[in-house]
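Please read the points below with the model open beside you. They are arranged by topic and can be checked one at a time.

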Amino acid sequence: SSLRFRCTECTDVELCPECFSAGAEIGPHRRWHGYQLVDGGRFTLWGAEAEGGWSSREEQLLLDAIEQFGFGNWEDMATHVGASRTPQEVMEHYVSMYIHGNLGKACIPDSIPNRVTDHTCPSGGPLSPSLTMPLPPLDISVAEQQQLGYMPLRDDYEIEYDQDAETLISGLSVNYDDDDVEIELKRAHVDMYVRKLKERQRRKNIARDY
């Protein structure tokens, strides 16, 4: 094997994987000494037969690629891993070893519980989705739409009532050093804007009804 274990406390002491796993001690070297892997990423993590010859360096590049490009972008991932791997090889290797393999079985649960809770109110309540659903578009001709400036798919008009109402609040910001007068002034601007929105909606309702 090209993989070697170099002792970080002794001079010129390197062990093969078999000697390292057996706890071999040579001269001043002891089994509890620190070590470094000396290989360059050529050894395999899962075994040559199961891996198809994937080296540890390729495994590292694969994990970097899945984090950078996301699951499913196999062409970009293959380019990142290297020219020796095709997108099909990258996909099959990742799925077989990291999803369906022992690592995936240990990390990915068999079933993911539904943790979504419906907090909406019944129809017509304060938080009911029915309150935000747009009304059906008016059944009018294209000429009438152009004349009224009405956009049926949006149930909206090109020019709103009080078109510049948003300027009341567009420049507002809350600052920590605002005094009471400034805070009340900003609240007054918001209140004025809300009243304009209500009037805008009232006129829209009249336009729909008549």
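1. Aspartate 162 is partly exposed, at a relative accessible area of 26%. Here buried means under 20% relative accessible area, exposed over 50%, and partly exposed in between (1.4 Å probe, protein chains only). Aspartate 162 is not a glycine, yet has a positive phi of about 55 degrees. It sits in the loop between β5 (156-157) and α8 (167-170). Helices (H or I, at least four residues) and strands (E, at least two) are DSSP runs, numbered from the N terminus.

2. On the basis of the work: this is a predicted model, in which local features need pLDDT of at least 70 and side-chain atom pairs count only at pLDDT 80 or more, while totals for chains, interfaces and linings use all residues. Residues are numbered from 1 along each chain as its sequence is written, and side-chain values use heavy atoms, with hydrogens and water left out.

3. Aspartate 12 also deserves a look. It has a positive phi of about 55 degrees although it is not a glycine, and it is found in the loop between β1 and β2. Most residues other than glycine have a negative phi. With 77% relative accessibility, aspartate 12 counts as exposed. The strands on either side of this turn, β1 and β2, form a hairpin with six residues between them.

4. Two strands are taken to pair if DSSP finds at least two bridges between them. Strand β1 (residues 4-7) is joined to β2 by two bridges, and arginine 6 stands opposite glutamate 14 in β2. Between β1 and β3 there are four bridges, again antiparallel; the partner of cysteine 7 in β3 is tyrosine 35.

5. The structure holds zero disulfides, a disulfide being a pair of cysteine sulfur atoms within 2.5 Å. For cysteine 10, the nearest cysteine sulfur is that of cysteine 7, 3.6 Å away. Cysteine 10 is buried, with a relative accessible area of 13%, whereas cysteine 107 counts as exposed at 58% relative accessibility.

6. In helix α4 (residues 74-81), the residues Trp74, Met77, Ala78 and Val81 are buried. They line one face of the helix, because down the axis of α4 they fall within an arc of 100 degrees. The arc is that of the directions from the helix axis to the C-beta atoms. Glu75 and Thr79, on the other side of α4, are exposed. The buried residues of α4 pack against α3 (56-69) and α5, contact meaning heavy atoms within 4.5 Å. Glycine 82 follows α4 and has a positive phi, near 145 degrees.

7. Which residues of α5 are buried? They are Val90, His93, Tyr94, Met97 and Tyr98. Seen down the axis of α5, these buried residues fall within an arc of 95 degrees, so they line one face of the helix. The length of α5 (residues 87-99) also agrees with expectation: its 13 residues should span 18 Å at 1.5 Å a residue, and its end C-alpha atoms are 17 Å apart. The expected span is 1.5 Å times one less than the number of residues.
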